[in-house]
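User: Can you walk me through this one? Keep it quick.

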Amino acid sequence: MKVYCNCCGKEIRMEENMRYALEDYIVIEKIWGYFSKKDGTRQKMKICESCFDAWVGTFARHPEEVDEYEWL
């Protein structure tokens, strides 16, 4: 199974056995609930780091950032 960025369509490079990504990306998943026009719909997308940075650059309020010292 190949992994693609939903914004730019670029293939996310994966290790041969597909257990690890060779570049980082974000996964956003939402199950829409009551009071939404998408009630009962699950949406999932993968966004590469460069598309994420460009997207966040358009935000009026940037996401909170906290430095992590132990990476899993």
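Analyst: Accessible areas here come from the Shrake-Rupley method with a 1.4 Å probe, and for residues only the protein chains shown count as cover. On that basis the protein has about 6,800 Å² of accessible surface, 52% of it belonging to carbon and sulfur atoms. This is a predicted model: local features need pLDDT of at least 70, side-chain atom pairs count only at pLDDT 80 or more, and totals for chains, interfaces and linings use all residues. Residues are numbered from 1 along each chain as its sequence is written, and side-chain values use heavy atoms, with hydrogens and water left out.

User: What pattern does the protein follow along the sequence?

Analyst: β-β-β-β-α. Helices (H or I, at least four residues) and strands (E, at least two) are DSSP runs, numbered from the N terminus.

User: How many salt bridges?

Analyst: The count is 3. The rule is a side-chain nitrogen of Lys or Arg within 4 Å of a carboxyl oxygen of Asp or Glu.

User: Which residue does K10 bridge to?

Analyst: E23, with the closest N and O atoms 3.0 Å apart. K10 sits in the loop between β1 (3–4) and β2 (11–12), and E23 in the loop between β2 and β3 (25–31). E23 also bridges R13, at 3.3 Å between the closest N and O atoms.

User: And where do E29 and R42 lie?

Analyst: E29 is in strand β3 and R42 in strand β4 (residues 42–48), so their pair ties together parts 13 residues apart in sequence. Their N to O distance is 2.6 Å.
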